[in-house]
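The sequence and structure are shown first.

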Amino acid sequence: MSYTSENEVSCFTEFYRTCERVAKKEHICCECGKTIQKGERYQYVYGVWEIDGCKDSGGSKTCLDCVRTWDFVTDAFYENHNGPSSVIHGMLGEAIDEGVESEFISEKDPLIKKWLKRAKR
């Protein structure tokens with residue numbers, strides 16, 4: 001999988017894993033900034049990638065509300081760009097902004113409206 005942003009940063013994913021976990025302690029959602037409470041389910045994503053020739057790895061924790069929003073936004077990008085999504089974990093807000101600006105995502109959509117209200121931006 002590869003991604004190139006409008007700033008021409010090249011990113012190649014070498015390894016990508018996602019799973020759903022139950023929080024054993026509090027975490028912060030990487031998308032909206034809300035606290036994922038102990039006992040709450042969340043998505044964990046881990047990957048290894050190369051960005052402009054530099055290898056990096058890391059993981060992110062995402063609340064399930066943001067996972068649903070992320071799925072909706074990536075589907076919208078896919079449908080409007082005729083190909084794979086360019087939405088990166090941890091950048092849901094920027095993707096929503098771009099989708100709204102390009103007019104293929106509406107701020108009035110209930111899922112987006114809920115996310116914008118919840119997100120700490």
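Are Phe77 and Phe104 buried or exposed? Phe77 is buried, and Phe104 is buried as well; buried means under 20% relative accessible area, exposed over 50%, and partly exposed in between (1.4 Å probe, protein chains only).

The model is predicted: local features need pLDDT of at least 70, side-chain atom pairs count only at pLDDT 80 or more, and totals for chains, interfaces and linings use all residues. Residues are numbered from 1 along each chain as its sequence is written, and side-chain values use heavy atoms, with hydrogens and water left out.

**Aromatic rings**

One aromatic pair turns up in a search of the whole structure. Rings of Phe, Tyr and Trp (its six-membered ring) pair if their centres lie within 6.5 Å; planes under 30 degrees apart count as stacked, over 60 as edge-to-face and the rest as tilted. The pair is Phe77 with Phe104, edge-to-face, at 5.1 Å centre to centre and 90 degrees between the planes. Phe77 belongs to helix α1 (residues 64-81) and Phe104 to the loop between α2 (92-101) and α3 (110-118), so the pair ties together parts that are 27 residues apart in sequence. Helices (H or I, at least four residues) and strands (E, at least two) are DSSP runs, numbered from the N terminus.

Elsewhere, the charged end of Arg21 sits over the ring of Tyr44, 3.9 Å from its centre. The rule asks for NZ of Lys or CZ of Arg within 6 Å of the ring centre and within 35 degrees of the ring normal.

**Cysteines and accessibility**

A disulfide is a pair of cysteine sulfur atoms within 2.5 Å, and by this rule the count is zero. For Cys66, the closest cysteine sulfur is that of Cys63, 3.6 Å away, which is too far for a bond.

| Residue | Relative accessible area | Class |
|---|---|---|
| Cys19 | 28% | partly exposed |
| Cys66 | 0% | buried |
| Arg118 | 18% | buried |

**The largest nonpolar core**

A nonpolar core is a set of buried Ala, Val, Leu, Ile, Met, Phe, Trp, Tyr and Cys residues joined through side-chain atoms within 4.5 Å. The largest has 21 residues, of which Cys32, Cys66, Val73, Leu92 and Trp115 touch the most other members. At least two residues of this core come from each of β5 (41-51), α1, α2 and α3. Helix α1 gives the most, with five residues.

Contact means heavy atoms within 4.5 Å. Not counting residues up to four places away in sequence, Cys32 touches Cys63, Cys66, Trp115, Arg118, Ala119 and Lys120. Arg118, in helix α3, touches Cys32, Lys34, Asp65, Cys66 and Thr69 under the exclusion of residues up to four places away in sequence.
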